[in-house]
Amino acid sequence: ATLLSQKPGRRTSAKILQRQSSAAASFHCTTTTQHIMPKGSKRKKSGAASAAAADARAKSSQVEKAFVGSGSVNTYMGQLVRLVEYIFDHHKEHLVEEHLIKMEQAAAQDAQQKTKLRIKLRQYICDAATAIQAKRDDRPHNCFMKIEDEADALNYDTVVEYMDTKFNVEVVDRGAAEAYLKDLKDVRDGICEITPDMEVGDKVRVKVFQSESQYSGIRCALAYVYTSARVTMPFASELGIYIKGVGRYIAAAKQHLGLKLTEGKDSMNQEVMELIAENLFRSKDKRDILYHLIFLLDWNLMKRAENCLHAKMIHMGFVEDHLTFTFAKEKGKQHGDMHGPWHCFANPKKPHICLVLSFARYFLTYPQVLREGAPLFEGTNQYGRYSSRLHQLFHELKDDLKNLGVDYKDLGTHSARKGVGTMFTLTSMTPLQLVYCWLMGSVRHNIPALGLLDNKHVLFLKGGNKMRNKMSSVMRIVEKMAREKNAWYDIKSDWDYDKVTKMWDAISTEFKAKYCQTKRKTQINYHTVYRNMT
């Protein structure tokens, strides 16, 4: 407004006004600058703006479908292919005519190939799902299924019928199976009887629901189709109620049939982690240097292996004596919120789990990755190869794992992340465990003497300061009671296993009676001690 109010005088040239308007451009948008520029003046273009550049932006049609992550889309496509194959085989009336004709042609080509994979049909379903256009005022959607209020539209009954084809076969105790099936007689149609072909020795085979996530995945894949077409799913609430009911029967089957309570792979403890890491570390195979680094990153960063594999050199840094990692996105933060930094330190006492040494070996073996902006792990399908190698190693070490009380079939790529997350919570320690870890640490669990740590050491651990302050408060009471019994050593290096045990024996009876009691039972968690103290 100031510039527009000025009138060029004798000493006010168009060039001066042009410079003033250029300065104003730093505070206003480009359009505003163009309006305030004097008539006849030429706008100077920067070299970056005029230079040719590849367009790295997605198309509008792609942006419209970016309401879920690319990994989720791949998962949904797998679910959709199986669902639409079922509809094609059993309920063709739900498919749009023109798409049905093309699917039948694709299925005929697959039949000529004499293969059960139905590659052509599956590829057509993927292409049709990817090409769905959103419904607009001036155009309808182009979904390959009938999903609006029309004759033979996809309905709740068909989806539930497909979900009912998903089950697992478990071998369970015959008595438990008979008792459970008897309760189901009034629920399912027909009579639940055990026939001789179901028997496996003194046990029987039974069909049970798969995990609840399997059925939720089918619902999410369907929701993706409806959302892409901008059509409301008419039976969404009914489907949600059905899946909640499935969850209750899954829990009941686990309780009455003695099935495994947890879903997915088991967590990996410190001993198993070191066993895997040492075998990869000592391997003579060049590729195991790569897999060793991925494995240690997975453990140290508490990340999914996919996140580690997508890291770039630019995401790494050094601060004082440690490495830092910052991630642009992860599963829980997919909208550009930076996640980190994560801080990783060297471990010279155990070279097979030292991340810094692993990086050194990797960079010396694959020096081509040392480029700014280059991916840390080059190549395609690195996750598939890493997963395959890890499962191969689990099988090779099955006897060693069995000695550690672990079934190799219960381990997977997520086991490391689950294990380190569990280990670092430190919330389930008993008061005695806290005393040992505070005064001596735990070599077995890779825990330093917690009493030697200060605020800066737990700065990067979520809730670390709060947790350390609670532990410190409990230990002040322990120290006070131990001094009254003349069982406390002021020099921290004097503590050993025998002295800690002797000290605890001297105060444990009074300590438990005073701080470990609740209305129901004796609690052994140090958080209970802290609550009773305060």
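Predicted model: local features only at pLDDT ≥ 70, side-chain atom pairs only at ≥ 80, totals over all residues.
A search of the whole structure finds 14 aromatic pairs. One of them joins Y436 and Y497: the two rings are stacked, with 5.5 Å from centre to centre and 15° between the planes. Y436 belongs to helix 20 (residues 431-439), while Y497 belongs to helix 22 (residues 497-515), so this pair ties together parts that are 61 residues apart in sequence.

## The tryptophan pair

W488 and W495 also form an aromatic pair, here with edge-to-face geometry. Their centres are 5.0 Å apart and their planes make an angle of 65°. With a relative accessible area of 17%, W488 is buried. W495 is buried as well, at 8%.

## An aromatic cluster

Five residues make up one aromatic cluster: F359, Y362, F363, Y366 and F377.

## Lysines over aromatic rings

Two lysines are placed over rings. K499 lies over the face of Y489, 4.7 Å from the ring centre. K207 has its charged end over the ring of F167, at 4.5 Å from the centre of that ring.

Notes. Residues numbered from 1 in each chain as written. Heavy atoms only, no water. Phe/Tyr/Trp six-rings, centres within 6.5 Å; stacked < 30°, edge-to-face > 60°. Helix = DSSP H or I, 4+ residues; strand = E, 2+ residues; numbered from the N terminus. Buried < 20%, exposed > 50% of the residue type's maximum accessible area, 1.4 Å probe, protein only. Lys NZ or Arg CZ within 6 Å of the ring centre and 35° of its normal.
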